[in-house]
Amino acid sequence: MLNIHLRSTGERFTLKTIHFDSKVRELKTILEIICGIPAHLQQLSYLDEGTLLDSQKLKYYDPVPNCTFELNVWFIYEPIVQAVVANDEEKVKAREEKQVF
């Protein structure tokens with residue numbers, strides 16, 4: 001079991017059937033389906049806040065069962081993620097008009 005904390009919104013997700021033999025990029029693909037954030041915008045970290053490399057297996061980072069990985073998005077995309085989670089259509093539309101993302 002692996003816990004994910006989406007830092008920009010405070011949301012938490014639990015993955016009950018993840019294998020630590022999986023690569024980080026595979027985990028990001030699963031998270032894209034669960035939380036809707038494209039894999040290429042995700043940054044994962046564990047313990048030391050360093051970004052996990054997509055090509056590494058999860059077990060490389062020596063996780064323990066029921067541990068928590070931090071999921072961040074690139075800082076420029078945080079406002080749009082927060083607006084979508086808050087269901088704030090005004091902010092989403094404003095960001096589209098400005099073409100910030």
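Q: Hi! How many aromatic pairs does a search of the whole structure find?
A: Two. Rings of Phe, Tyr and Trp (its six-membered ring) pair if their centres lie within 6.5 Å; planes under 30 degrees apart are stacked, over 60 edge-to-face, and the rest tilted. This is a predicted model, where local features need pLDDT of at least 70, side-chain atom pairs count only at pLDDT 80 or more, and totals for chains, interfaces and linings use all residues. Residues are numbered from 1 along each chain as its sequence is written, and side-chain values use heavy atoms, leaving out hydrogens and water.

Q: Is tyrosine 46 buried or exposed?
A: Buried, at 8% relative accessible area. Buried means under 20%, exposed over 50%, partly exposed in between (1.4 Å probe, protein chains only). Phenylalanine 69 is buried too, at 0%.

Q: And what about the rings of tyrosine 60 and tyrosine 61?
A: Their centres are 5.0 Å apart and their planes at 90 degrees, so this pair is edge-to-face. Tyrosine 60 is exposed at 55%, while tyrosine 61 is buried at 18%.

Q: New topic: what is leucine 31 in contact with?
A: Leaving aside neighbours within four places in sequence, leucine 31 has contacts (heavy atoms within 4.5 Å) with Ile4, Leu15, Gly36, Gln42, Leu44 and Leu71.
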